[in-house]
Amino acid sequence: MWRYIVCILLIFSMAGPSIQDEEDDQEATRIGIIGGGISGTSTAYYLRKLFGDGVKIDLFESERVGGRLANINIDGVEYEAGGSILHPKNKYMVEFAKQFGYEQRTSTGGRMALYGNSGVIIESCSWNLVTMAKFFWRYGFDVSNIETFLKETFFDKFDRIYNLQDEGLAFTTVEELLRAMDESFVNFTKITLQTLLEEKGYSERFINEIAMGALRTNYGQTTNVHAFVGAVSLAGVEKGLWAVKGGNFQIPERLLKKSKATLINAEVTQVILQKDSTDVSYEVNYKNTADGKTNSREYDIVVVAAPFRNSEKNKIEFVDFPTEIPSSITDFHRTLALFVQGTPNYTTYGFNSADDFPESVLTTNESIFWNSYGKQSSVSGKKHLEKKTDPTEDDIVSKIFLNKVPTEEQVRLLFQTRKELRLVDWLAYPEYKPNMELPAFVLYDQLYYVNAIESAASAVEMDVIGARNVANLAYNHWNNIFDKVDEINIKSEPKKEEL
């Protein structure tokens, strides 16, 4: 029997490769992924690891691979324009960088200041002991306690998800995934960060200045966000932050290559349910980016790996489903990154000259039209001035975060001079609030939504966690491994001494 099959295969091979390719495509499980950012590419990567070569994976992306991980070129030098910082405890991103041979570019931090309605509130200096004394004088033990709080209340519990995913466990909803890490994480989504910090005994001054400054620079929002994303934001101002040398976008590019998925440069317009008495499949209609022509492909499994936003752009229509599949789930927050090559107007930020101007300034009040200021280093790790033979203050490259497009008057208020100005407009993350909807990862049978995870927190590592969860879900559902769906094995629980 086997010899007969081998002969048949040889005959097809001699007749031409296209016949064999067509038969392989018909027999292989077909998976379509919509979105080529970190969510989509890491989903493709994990699906390939789980299914092996027995699946055909297509990935649809209408623009460029990387999504919100992107560089911007200013005067011939590349800078991070999207997700620019990674935490040293981001296990997946650390592993990807190591696996693909990328060097970490560690943030040097530099001097920092907090700015309120009345001007500069406090600033650090080059002497660590002096900085510690200044912050202790203003905030007491809150400054040192926050590190312990984040470790014991957040990181130690958060890390459990990695063991669970290594064991192949998966969760159908964001709430169940958070609960698997710790029940307290679900509760965090029901209260504000301000409420949580008050309950833990942190002072009003610390909350209104340190916590508010972190939220405004990382999410453009306030301490009224829910406490889970608030904890993620506070972690985003800790020491040891890093980025991939050359640009974080390189990680999704390599994940796509490693997954052996076929990249289709097109915008998906419709997902149509094809259902008979026993099987479910999907027809995906799309419009090619190059020529605008429409086409369609059929898939056994479809993964949506792009945020459902209240926007007409890249909106997907779900057709012939027995219940409505929402194409928008939550409002997204508009964040603008203003890149300027030029001389900052130091007095606007509360300083007199370049000599005493810090590398970053965080604002603490919603009435201030800019959220934060940051002096930029290139993705190579060098500051822009280092490539100049005779640099001046006009060569400084700065990034300002705002919630609205600035007027010309506001730009002049921020900068004395400018050689180049670029504005990056992102619908980057949800508008966070307590008790907001925590959507499901499962939209329908064999139809999944990775970016549901962003209702808990939008961050690069969170998107990868969401991607691996969906990959595990799809694999478990396809192979009827239901004891690994919404279940926590006893061995996955932390030992008592770790609690």
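Let's begin with a meeting of two helices: from H3, the residues Ile38, Ser39, Ser42, Thr43, Tyr46, Leu47, Leu50 and Phe51 touch Val460, Asp463, Val464, Ala467, Arg468, Ala471, Asn472, Ala474, Tyr475 and Trp478 of H15. Keep in mind as you look that this is a predicted model. Helix H3 covers residues 38-51 and helix H15 covers residues 460-478, and their axes come within 8 Å of each other, crossing at roughly 35°. If you follow H3 as it passes H15, the crossing is right-handed.

Now step back to see the whole chain. It holds 15 helices and 21 strands. Of its 499 residues, 51% count as buried. Among contacts in the chain with a separation of 6 or more, 73% are between residues 24 or more positions apart.

Next, let's go inside. Where does helix H12 sit, enclosed or open? Nine of the nine residues of H12 (residues 227-235) are buried, so this helix is largely enclosed by the rest of the structure. You can trace them one by one: Ala227, Phe228, Val229, Gly230, Ala231, Val232, Ser233, Leu234 and Ala235. The cover over these buried residues includes helix H6 (142-158), helix H8 (174-181), helix H9 (183-188), helix H10 (193-199) and helix H11 (204-218). H15, the partner of H3 in our opening contact, is also part of the cover over H12.

Val405, Leu421 and Leu423 make a nonpolar surface patch of about 220 Å². One of these residues, Leu421, belongs to strand E19, which runs over residues 420-430. Its relative accessibility is 36%; because a residue must be over 50% to be exposed and under 20% to be buried, Leu421 counts as partly exposed.

Finally, visit two loops. Lys260 lies in the loop between helix H13 (250-259) and strand E9 (262-264). Its phi is near 60°, a positive value in a residue other than glycine. Lys260 has 56% relative accessibility and so counts as exposed. Asn435 is found in the loop between E19 and strand E20 (442-444). Asn435, too, is not a glycine, yet has a positive phi of about 60°. With a relative accessible area of 57%, Asn435 is exposed.

Conventions
Residues numbered from 1 in each chain as written. Predicted model: local features only at pLDDT ≥ 70, side-chain atom pairs only at ≥ 80, totals over all residues. Heavy atoms only, no water. Patch = residues over 30% accessible without salt bridge, like charges linked within 9 Å, V, L, I, M, F, W, Y side chains within 5 Å. Areas by Shrake-Rupley, 256 points an atom, 1.4 Å probe, with all protein chains shown as cover. Salt bridge = Lys/Arg side-chain N within 4 Å of Asp/Glu carboxyl O. Helix = DSSP H or I, 4+ residues; strand = E, 2+ residues; numbered from the N terminus. Buried < 20%, exposed > 50% of the residue type's maximum accessible area, 1.4 Å probe, protein only. Axes fitted to C-alpha atoms, helices over the stretch in contact; angles between N-to-C directions. Left-handed = near helix turned anticlockwise from the far one by under 90°. Contact = heavy atoms within 4.5 Å.
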